[in-house]
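Have the model open and follow along.

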Amino acid sequence: MNTRADLPATIYNFSAGPAMLPLEVMQQANAEFLNWQGTGVSVLEISHRSPQFMAMVREAEQDLRDLYRIPDNYHVLFVHGGARHQFSMVPMNLLRNKTTADYLHTGYWSQQAINEAQRYATVNVAMSGEASNYTSLPEPNTWQLDPSAAYVHYTANETVGGLEFDFIPETGEVPLVTDMSSNILSCPLDISRFGLIYACAQKNISSSGLTIVIVRKDLVGQTVVNTPTMFDYRTYAENGSLYNTPANYPLYLSALVFKWLKQQGGLEKVAAQNHEKSSLLYQAIDESNFYHNTVEPRYRSTMNVVFRLPNDDLHPVFLEEASKAGLRHLKGHSAVGGLRASVYNAMPRAGVERLINFMQEFAHKHEQ
Ligand SMILES: *Cc1c(COP(=O)(O)O)cnc(C)c1O
């Protein structure tokens, strides 16, 4: 039974990931869980070589291509594991006989990517936001990009710090690689500017175990020695992402979400809604003397809105009262503390409005 049918009216889930899914998608998944497409079995119980499953994967790929208008010279790959697997797969596949790679250091996740890449390459940290405590980005004309680097890696949206690039870095002939785990499909994108885009599924797409990779075809096929078969993009590219058993359920949910995004009117529409939601929240923060966000306005994330209260002792009180009001998972990442409202594509505007009402009442009650 769909016992959650009436819940989203009362519970809003602001988790950074795994994050909430669109209600319509959850309802459809629920309705066809036991009998998928008239097969009499669950999508979890069917061969990945069955015509139905293979058709679903190809349709999912086509829907993603349509949403992003992905050019033909790019592969769309459904890869196992999380974004952290890509921290290794990117250098293993893209160094291509070079020894150095440029990384932009903008906070927690880019640091994690740098740490892993250092096992394979000499990492040139071409820019760091450390001086501003990762609340801003140094001007591109101050970046120390190396024209002979194998690629330039950046984290398009820092999920922990709530900082998002509002432009695509210019890297000339050097392939641009980006971690879009927390802002994939949040707005339209000129894919042709990139060598490779990756995103784990459990933030703005579906559930964990699956990572989407969009990669220019000419960059695939030359790996560092001893690269495991399942870490070679070519394995996925040559086999339609079905070389071995794929992450079936997250892939199925992704297929539903891509259709849902098309039904929303595509990424332009979704981007406008996202902009509206996060703007409302930032406005509520800025208009109060109680809530604070220190990210330079231009780089504030549309997806992950971080904020703090005048005194850290109030954070647990806020979380407890918010939870009672049906506003869940607002705790900031343990690396930085504070509070964080993740407002991905699936978060309805009504959830943001409820949060703002709650924040205003809470401030009123606790302001000295
Ligand atoms: C969540 C996240 C990751 C880590 O993803 P896993 O799937 O847990 O490995 C990496 N990068 C960014 C930007 C993230 O938000």
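A polar contact here is a pair of N or O atoms within 3.5 Å. Keep in mind that this is a predicted model.

With that cut-off in hand, let's go to the ligand.

| Residue | Protein atom | Ligand atom | Distance |
|---|---|---|---|
| A83 | backbone N or O | oxygen | 3.0 Å |
| D179 | side-chain N or O | nitrogen | 2.7 Å |
| K203 | polar side-chain atom | oxygen | 2.7 Å |

On its own the ligand would expose 390 Å², and the protein buries 87% of that.

Who else is around? The ligand has 14 residues about it, and those that come nearest are R84, T159, D179, Q202 and K203. So D179 and K203 turn up both in the table and in this nearest group.

Now for the outside of the protein. F33, L34 and L44 make a nonpolar surface patch of about 300 Å². To find L34, look in the loop between α1 (23-31) and α2 (51-68). Is L34 buried or exposed? Its relative accessible area is 68%, and exposed means over 50%, so L34 counts as exposed.

Definitions and conventions:
Residues are numbered from 1 along each chain as its sequence is written. This is a predicted model: local features need pLDDT of at least 70, side-chain atom pairs count only at pLDDT 80 or more; totals for chains, interfaces and linings use all residues. Side-chain values use heavy atoms; hydrogens and water are left out. A residue is near a molecule or strand if one of its heavy atoms lies within 4 Å of it. A polar contact is a pair of N or O atoms within 3.5 Å; within protein, one must be able to donate a hydrogen and the other to accept it, and residues adjacent in sequence count only if both atoms are side-chain atoms. Accessible areas come from the Shrake-Rupley method with a 1.4 Å probe; for residues, only the protein chains shown count as cover. Patches are made of residues with over 30% relative accessible area and no salt bridge: like charges are joined within 9 Å, nonpolar side chains (Val, Leu, Ile, Met, Phe, Trp, Tyr) within 5 Å. A salt bridge is a side-chain nitrogen of Lys or Arg within 4 Å of a carboxyl oxygen of Asp or Glu. Helices (H or I, at least four residues) and strands (E, at least two) are DSSP runs, numbered from the N terminus. Buried means under 20% relative accessible area, exposed over 50%, partly exposed in between (1.4 Å probe, protein chains only).
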